[in-house]
Amino acid sequence: MNSSPISLLTVFVNFFLETNLIVLAFKTVGIITTVLFNIWSVVSFQELRKLNYNYRDEQNSLLFVGAYLQLLIGGILFLYAIFLL
Amino acid sequence: MAAAHHLFHSYCENPPLRFSTQDVDEDVVLTLRAHPITLVPWFFITCVAIIIPIVAGPYVNYLPLNANQQLFIILVWYAFVILYAFSNLLSWYFNLGIITTRKVIDVDVINVLNSQTTQTLISRVEQVDNKTLGFLSSLFNYGNIYVQTAGEEPNIEFLDVPHPARIVQIINTLMEKNRRHE
C-alpha cells in the first residue's frame, strides 16, 4: 500500500468529501480568513490616515494607493468566498 | 532653500514635510528614514513568497480541490503577501527622524498599530554621536545616530540612517546657532 504523505492527505480529504464537510469547512475558513484580512485592512487604513495627518509629505498619496488596493482585494476575496467557493 | 531627496527619500534636506506639532516659525531641516539597503530582507522574502505559488502550482493539483478552491487559495496567498509587503513599507516610511530648526523628533512605528514619538528641543541636546555598524554600513554609508539630551529628557536614536557624519554636522550646526541666539 502506498503511504506517501500526499496519498494519506488524499485519504483524509476523501473522508471529509464523503461526509460532505470539506466544502463547508473550506467555505468557513475562507470567510473567516477574508474577514480577518478586511479587518486588518480597514484598521491599517485608519492608522495610515492618522499618520498622514501627523506627518504630511508630498508622496504620501502613493501609500493610499496601496491601502485602497488592499481594501479592494479584501472585498473581492470576501465576495469570492461567499459566492464562488 | 531647495529640497534635496536621496536614496528613496531616506535622507531629505529641507523637505516639504509638515507635522502636526510644528510651530509657525519652525522649519524642517532634515527628514531621515532607514537606508534602503535595510529593506532587502523583507523585499527578498516578498519575492520568494510571490514565486512560491508558481513553483508549488503543479503539486496543488494532487489535492482534491476544484478550480475555484485552488484559485481562492492562490488569491488569499497573494493578498497576504501584499499585506506583508505593505505593512513593512508603512513601518519603514513612518519610522521617521525629523530635525527642525528647534526640535529633534523620532517617530518609531513598530507596526501600523504601535507607534511612539519622542522629541526634544535642540537647546536640550548635549551630545550627538554616530556609530557605523560593520561592512555593509561602511560600504553603503549608513549608521546609527545617538542624540543625548540634558537632564531627564529621553535620548533619541536614529537607526540605520544614511550619511551619519553629515547628520551629526547638521545637528551640531543647529546647536551652535541655537546657543548664539540664547
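Author: Helices here are DSSP runs of H or I with at least four residues, strands are runs of E with at least two, and both are numbered from the N terminus. Keep in mind that this is a predicted model.

Reader: How much of chain A counts as buried, and what share of its contacts with a separation of 6 or more comes from residues 24 or more positions apart?

Author: Chain A has 85 residues, and 34% of them count as buried. Among contacts in chain A with a separation of 6 or more, the share from residues 24 or more positions apart is 71%.

Reader: Over in chain B, how do helix H1 and helix H2 run relative to each other, roughly parallel or roughly antiparallel?

Author: H1 of chain B covers residues 40-60 and H2 of chain B covers residues 67-94, with the axes 10 Å apart and at an angle of about 175°. Angles over 145 degrees count as roughly antiparallel. So H1(B) against H2(B) is roughly antiparallel.

Reader: Let's talk rings. How many aromatic pairs are there over all chains, and what geometry does the pair of Phe37(A) and Phe80(B) have?

Author: The whole structure holds eight aromatic pairs over all chains. For Phe37(A) and Phe80(B), the centres are 5.3 Å apart and the planes are at 70°. Planes over 60 degrees apart count as edge-to-face, and this pair is edge-to-face.

Reader: Which residue has its charged end over the ring of Tyr93(B), and which ring pairs with Tyr93(B)?

Author: Tyr93(B) is buried at 6% relative accessible area, and Phe94(B) is buried too, at 1%. These two rings pair edge-to-face, 5.1 Å centre to centre with 80° between the planes. The residue with its charged end over Tyr93(B), 4.1 Å from the ring centre, is Arg33(B), and the ring paired with Tyr93(B) is that of Phe94(B).

Reader: What does Ile73(A) touch, leaving out residues up to four places away in sequence?

Author: Ile73(A) sits in helix H3 (residues 60-83) of chain A, and its 18% relative accessible area makes it buried. Its C-alpha is 9.5 Å from that of Thr34(A), 39 residues apart along the chain. Beyond those sequence neighbours, Ile73(A) touches Phe37(A), Ala79(B) and Ile82(B).

Reader: Last one: how far apart in space are Thr31(B) and Tyr11(B), C-alpha to C-alpha?

Author: Thr31(B) belongs to strand S4 (residues 28-32) of chain B and is buried, at 1% relative accessibility. Residues that Thr31(B) touches include Tyr11(B), Cys12(B) and Leu96(B). Thr31(B) and Tyr11(B) are 20 residues apart in sequence, and their C-alpha distance is 6.0 Å.

Terms used: Residues numbered from 1 in each chain as written. Chains lettered and ligands numbered in written order. Predicted model: local features only at pLDDT ≥ 70, side-chain atom pairs only at ≥ 80, totals over all residues. Heavy atoms only, no water. Axes fitted to C-alpha atoms, helices over the stretch in contact; angles between N-to-C directions. Parallel < 35°, antiparallel > 145°, perpendicular 65-115°, else oblique. Phe/Tyr/Trp six-rings, centres within 6.5 Å; stacked < 30°, edge-to-face > 60°. Buried < 20%, exposed > 50% of the residue type's maximum accessible area, 1.4 Å probe, protein only. Lys NZ or Arg CZ within 6 Å of the ring centre and 35° of its normal. Contact = heavy atoms within 4.5 Å.
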